[in-house]
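Open the model in your viewer and keep the selection tool at hand. This tour moves from stop to stop.

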Amino acid sequence: MDRPSVIRKTAHDLRVTPNLVDYEGERRMFTWAGARAALAGLPDGGLNIGFEAVDRHARGPRQARTALRFLARDTAPRDISYAELAALTSRFANVLQGLGFAPGDRMFVLAGRIPELHIGLLGALKAGVVVTPLFSAFGPEPIATRINLGRGQVLLTTDALYRRKLRDWRERMPSLRHVLLVAEQGGPTDEPGTLDLAGLMAQAGESFTVAATRPQDPALLHFTSGTTGTPKGAIHVHEAVVTHHATGRYALDLHDTDRYWCTADPGWVTGTSYGIIAPLLHGVTSLVDREEFDADRWYELLAQEQVSVWYTAPTAIRMLMKAGTALAQARRYPALRFVASVGEPLNPEAVHWGREALGLPIHDNWWQTETGGIMIANTPAFDIRPGSMGRPLPGIDAAIVEHLEADGEPPRIRLIEAPGVDGELALRAGWPSMFRGYLDNEARYRRCFADGWYLTGDLARRDADGYYWFVGRTDDVIKSAGHLIGPFEVESVLMEHPAVAEAGVIGKPDPVVGEVVKAFVSLKAGHEPAEALRMDILAHARRRLGAAVAPKEIAFLQVLPRTRSGKIMRRLLKARELGLPEGDTSTLEAGA
Ligand code: ATP
Ligand code: MG
């Protein structure tokens, strides 16, 4: 199907004036010092994420506004105002302080999207305690590994999760001094070796003096998704809040009266930076849905809850597409004005689908655990070139670089000035939410930097107008008969085929051409794997890509293996294809 190469914005898209209208002008004027001045700060130059997200609003005009609205299938919504959130997070900070925890200590959180997750995370930040959220679907092994790696001293979790997963593992996590349990099934809990959170909260005071954290003090420790290998622990500092605030303004276009919904799992960095922190920094109402993905329920929430800004991921969008456009079109979304996506390349097909199904195109943006916040984005005021990640936000300098030696250490690089050339995506070091280290791996951290640039490990190209196009991860790129093939390009073309729901593409070693392209696809409802369909998809790919780049082989899979953050794990497709060890699969989503 021929699609337009630009999606133009309509008056309906732009009915609220976007925050970023003059791209060049804003980039010229922007300074991080200026961005920080938009926040309150603590006395003597201190800065604290929890204070900025919660306490700053708790006394002003927003105090009675709903900060967080928790939704679940079988219970009534629970609304927590900014003033209540300030009191609850202060109680939690007092609980930690009362147990002897001090700034710099480390707390892990293992919970679904329950209020205590938000209260605990923000309360710990107010107490200066460093927080690591985990995927609640993790089994005991990945939980214990991460707590031990991070030398966690306190764990916040639920009674059900603790009983199911951790009761027998407690002595294998010797750094843990306390386990705080949320009694989900009615309390108080009397699990040996744990503390009942509700009881402690009830006794704790509602006023708390926020810890005098400095901008460079650690705040969050986040593990990467494990798409390319063993997850790495990325350390972030309180100053990251400046990026969270600026990107909430530019990339998510948050306005004062927004009703915002971020669907990311709390165990993924997006669930923290944009599921919890950024919307609160802007004082908006944030919806939190307790339930797992369900296409019909999601459309119902978008409509009924009058969501105005929605931040989701390609995997979710592909699942919605799989469920059929008609389901989306059965409702109207008059409040919705901006939809964004992150985590994986957003296939052009998905951008167009947004327009058809929701009435709005989907805005791809790019960042990583290491960058702590959105770096490159499609923003509301500008037309979208489907398949492009957009342009660097104000305050962010991006470049395409070439390595001068294969494995130079420290790396030696050259900036590629010409547009249209593939190379590694690099960012000029120094934005506030840049990670400050990999846990226990200083050497690997140092290898990420060259000549003042942070090297992202992603391949991209920049066009003549400054838009960035994702090519693939440096690990995933395919070398075939002298061509360098990015899997994204091939996957996007496969996705155009009406039967294809998802595609993952790998290079399969070949004695003649080096590697041949092999594709794994899953099909949309109503299509069955069959030889004729395989030939049809192959022919479509050849027509669109040419014989050199099109897959030579296509295999049908029910589902593609993906991480809990929803990313297709090409390394696993490859290992399985070649009969090699699967490596670290701690973040693999169950059933894949
Ligand atoms: P690991 O580093 O452990 O292999 P990961 O890189 O998937 O895992 P994250 O930090 O969650 O862990 O993901 C960041 C990566 O996700 C980026 O480096 C990029 O490869 C991919 N990504 C994120 N957003 C986009 C996007 N909009 N387009 C293309 N790729 C994206
Ligand atoms: Mg990564």
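Predicted model: local features only at pLDDT ≥ 70, side-chain atom pairs only at ≥ 80, totals over all residues.

Residues are numbered from 1 along each chain as its sequence is written, chains are lettered from A and ligands numbered from 1 in the order in which they are written, and side-chain values use heavy atoms, with hydrogens and water left out.

**Stop 1: the ligand**

Select ligand 1 and display its shell. The shell holds 22 residues; a residue is near the ligand if one of its heavy atoms lies within 4 Å of it. The closest are Thr 224, Thr 227, Thr 228, Asn 365 and Thr 369. By class, the shell divides into seven nonpolar, nine polar and six charged residues. Here Ala, Val, Leu, Ile, Met, Phe, Trp, Tyr, Cys and Pro count as nonpolar, Asp, Glu, Lys and Arg as charged, and the others, Gly among them, as polar.

Now pick out the polar contacts (pairs of N or O atoms within 3.5 Å; within protein, one must be able to donate a hydrogen and the other to accept it, and residues adjacent in sequence count only if both atoms are side-chain atoms). A polar side-chain atom of Thr 227 sits 2.4 Å from an oxygen atom of ligand 1. The side chain of Thr 369 has an N or O atom 2.5 Å from an oxygen atom of the ligand. Gly 343 uses its backbone: an N or O atom there is 3.2 Å from a nitrogen atom of ligand 1. How much of the accessible area of ligand 1 does the protein cover? The protein covers 98% of the 630 Å² that the ligand has on its own, by the Shrake-Rupley method with a 1.4 Å probe; for residues, only the protein chains shown count as cover.

Colour by secondary structure next. Helices (H or I, at least four residues) and strands (E, at least two) are DSSP runs, numbered from the N terminus. Strand E14 (362-366) and strand E22 (468-473) each supply at least two residues of the shell. E14 gives the most, with three residues. Domain 1 (31-292) and domain 2 (397-473) each provide at least three shell residues; the domain bounds come from an automatic or database domain assignment.

**Stop 2: Asn 378**

Select Asn 378, in the loop between E15 and E16. Asn 378 is buried, at 3% relative accessible area. Buried means under 20%, exposed over 50%, and partly exposed in between (1.4 Å probe, protein chains only). The side chain of Asn 378 reaches two backbone oxygens: that of Asp 364 at 3.0 Å and that of Ser 388 at 2.9 Å.

**Stop 3: salt bridges**

The structure holds 45 salt bridges, each a side-chain nitrogen of Lys or Arg within 4 Å of a carboxyl oxygen of Asp or Glu. Select Arg 385 and Asp 465, whose closest N and O atoms are 3.0 Å apart. Arg 385 lies in the loop between strand E15 (376-377) and strand E16 (388-392), and Asp 465 in the loop between strand E21 (453-462) and E22, so the pair ties together parts 80 residues apart in sequence.

Move to Arg 544 and Glu 496, a salt bridge of 2.7 Å, N to O. Arg 544 is partly exposed at 43%, whereas Glu 496 is buried at 13%. Also select Arg 318, Glu 344, Glu 502, Arg 562 and Glu 589, which salt bridges with shared partners join into one network.

**Stop 4: helix H12**

Select residues 314-322, which form helix H12. Seven of its nine residues are buried, so H12 is largely enclosed by the rest of the structure. Arg 318 is one of the buried residues. Just after H12, Gly 324 takes a positive phi of about 100°.

**Stop 5**

Most residues other than glycine have a negative phi. Arg 151 has a positive phi of about 45°. Find Arg 151 in the loop between helix H6 (140-149) and strand E5 (154-158). Ala 481 also has a positive phi of about 45°. Look for Ala 481 in the loop between strand E23 (478-480) and strand E24 (483-485). Ala 481 is partly exposed, at 49%.
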